[in-house]
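Here is a brief report on one protein chain. Look over the sequence and the fold first.

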Amino acid sequence: MTRQIPRQLEAYRDLLNETELNQLLESMNQPLPSGLRVNPLKADAASPKAWQQAYGWQLEQVPFCPTGWQLGNEASNLSRTVEHQMGHYYIQDAASMLPVELFEFKPDAEPSVLDMTAAPGGKTTHLISQLGDRGLVVANDSNLQRISGLKGNLQRWGSTSAVITNQPGERMGRWLPEQFDYVLLDAPCSGEALRTSERHTSRLVSSHERNTLQQRQIKLLESALQAARPNGQVVYSTCSLAPEEDEAVLDALLKRYPEQIEIRPIPQRVPIHAPGLLAAGAQAYAEEVSKALRLWPHLYNTAGFFAALIVKRDQIATPSLERPQQTLAKAGYKAVTNDEQQQIISSLQNYGFNLPALLASQGLSLWRNGKSIQAIPERWLSNFEHFPFVSAGIHIGKLSRHGFQPAHDLASRYAAQFSQQRLTISDQQIDEWLARRDLPIKQRAYPDGSIVVVEDQQQRYLGLGQINANILENLLPHWQ
Ligand SMILES: C[S@@+](CC[C@H](N)C(=O)[O-])C[C@H]1O[C@@H](n2cnc3c(N)ncnc32)[C@H](O)[C@@H]1O
């Protein structure tokens, strides 16, 4: 017998049979398992096992995401570990790991990728991992307030290949037509994921709001398709199970571009195939839409999610639109001089770090903005010249008349290569240090003013500090 169903589930009564509806209701009362995704730039395949032992977690592999794990038990310390603070993993519901896994990336290719609605950056970090930090990932979001979270997450991830832009996604396709091999549109949606967590709460959505969202989703998806190259791929995803935001959006674009786009069947590694709907209420959708995947909470033990991989077979007519322009000089950047570059290189050599090797292997060049030194992807500078950006590449450090001070972002990403000038703190001091407090030091192996790499007894990198008499000043950045 079907139980009393909450109002927000009324619309799903006709989409599921009685058993399924009951299972869905049951699953909605279960707590959502936490999940984490490993950062291959900083951790390795053995890391989850080590964390499991150190923190008492029960980790189960997410079937469709080789770097993703779900926790079988309560893990209140998930966001408080050293590894989380240093960006060795990202806390993410397993459902959110699906969209990026759908892309068919070619091994060793260095593609250009656009994440059109990226903040706070969970899926951007996944894209960077999948590409091994090669190629170029443009992470865009129209909401300036959410950009700081995106920036912090990319800094913590340690990527060199990402650029953040702050533009309306609807225009990106006309400004940058056919510039990207892959485009992710993780669309703004009602969040009707049907299974709630602290991050995803449930609420009723009015039909007016639903309609406004749908119109925006259609515009954004059209823009994503315009931005993709012919034979490029676009993933459309939402954390809503409402057909108006999912199948109806795909259906609208399939009707607009029947010859130019197609949806790829969901890959075999996704264990349960719950296809897109062919009809909802009075609406019938194109057959092709059934190749999308609905992550129903009762089938996957995740929050609700929807995703489809679209291939752009052919060009689509795209009216051009004049791009916004901002030169690097206007944004405050100057190329570093040869003398400055030499000073930075030799200062980093004192830590054992080889900056020229990094610049060459990642295709980066050094730019100065005030005191700040940034390594910016040359690919961005040459292919997207003058397109305004919020930040690009990786922060290398600060250069002033007092000398060069390396950045935490760089030292954290390449901690193993910062093999000199290290200072070990005791296990009892770790919490204080991570709370960004200065520490007293007894032994002074380095002169006053020295910037040292702080580690614990297990040689885990914990940030940079400056020796000042008997104090180790804490240089962890504020976003950390
Ligand atoms: C579902 S969230 C993205 C979550 C993100 N992909 C992640 O995994 O962390 C949708 C994002 O779209 C942004 N957004 C909303 N309307 C937009 C628009 N017109 N253009 C670009 N971004 C937009 C919102 O600010 C929000 O950050």
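## Overall fold

This is a predicted model. The protein chain has 15 helices and 25 strands. Its radius of gyration is 24 Å, close to the 23 Å that the globule rule gives for 480 residues, so the chain is as compact as a globular protein of that length. Along the principal axes, the C-alpha atoms fill a box of roughly 75 × 50 × 40 Å.

Of the 480 residues, 56% are buried.

## Surface and charge

The accessible surface of the protein chain is about 21,300 Å². Carbon and sulfur atoms contribute 46% of this surface.

The charged side chains number 45 positive and 49 negative. The centres of the two sets lie 5 Å apart.

Helix α5 spans residues 122-130. Eight of its nine residues are buried, so the rest of the structure largely encloses this helix. The buried residues are Gly-122, Lys-123, Thr-124, Thr-125, His-126, Leu-127, Ile-128 and Ser-129.

The loop between β5 (112-115) and α5 holds Pro-120. A cis peptide bond joins Ala-119 to Pro-120, with omega about 5°. Asp-133 sits in the loop between α5 and β6 (136-140). Phi of Asp-133 is also positive, near 60°, in a residue other than glycine. Asp-133 has 2% relative accessibility, so it counts as buried.

Asp-108 is another non-glycine residue with positive phi, near 65°. Its place is the loop between α4 (98-102) and β5. Is Asp-108 buried or exposed? Its relative accessibility is 79%, and the cut-off for exposed is over 50%, so Asp-108 counts as exposed.

## Helix α9

Helix α9 covers residues 247-256 and is mostly covered. Eight of its ten residues are buried. They are Glu-247, Ala-248, Val-249, Leu-250, Asp-251, Ala-252, Leu-253 and Leu-254.

Which elements cover these buried residues? They include the helix α8 (207-227) and the strands β9 (228-238) and β10 (261-263). The cover also includes β12 (283-284), β13 (293-295) and β14 (305-312).

## Cysteines

A disulfide is a covalent bond between the sulfur atoms of two cysteines. How many disulfides does the structure hold? The number is zero. Cys-65 is in no disulfide, and the nearest cysteine sulfur, that of Cys-239, is 17 Å away. Cys-65 has 0% relative accessibility and so counts as buried.

Cys-239 is in no disulfide either. The nearest cysteine sulfur to that of Cys-239 belongs to Cys-189, 3.5 Å away. Cys-239 is buried, with a relative accessible area of 16%.

The loop between β14 and β15 (334-335) holds Pro-324. Its relative accessibility is 24%, so Pro-324 counts as partly exposed.

Which residues does Pro-324 contact, leaving aside its neighbours within four places in sequence? They are Gln-167, Trp-175, His-386, Phe-387 and Pro-388. Gln-167 is 157 residues from Pro-324 in sequence. In space, their C-alpha atoms are 9.6 Å apart.

## Ser-27 in helix α1

Helix α1 (residues 18-28) contains Ser-27. Ser-27 is buried, with a relative accessible area of 8%. Not counting residues up to four places away in sequence, Ser-27 touches Arg-195, Pro-297 and His-298.

How values were computed. Residues are numbered from 1 along each chain as its sequence is written. This is a predicted model: local features need pLDDT of at least 70, side-chain atom pairs count only at pLDDT 80 or more; totals for chains, interfaces and linings use all residues. Side-chain values use heavy atoms; hydrogens and water are left out. Buried means under 20% relative accessible area, exposed over 50%, partly exposed in between (1.4 Å probe, protein chains only). Helices (H or I, at least four residues) and strands (E, at least two) are DSSP runs, numbered from the N terminus. Contact means heavy atoms within 4.5 Å. The radius of gyration is taken over C-alpha atoms; the globule rule is 2.2 Å times the number of residues to the power 0.38. Accessible areas come from the Shrake-Rupley method with a 1.4 Å probe; for residues, only the protein chains shown count as cover. Lys and Arg count as positive and Asp and Glu as negative; His and the chain ends are not counted. The place of a charge is taken as NZ of Lys, CZ of Arg, CG of Asp or CD of Glu. A disulfide is a pair of cysteine sulfur atoms within 2.5 Å.
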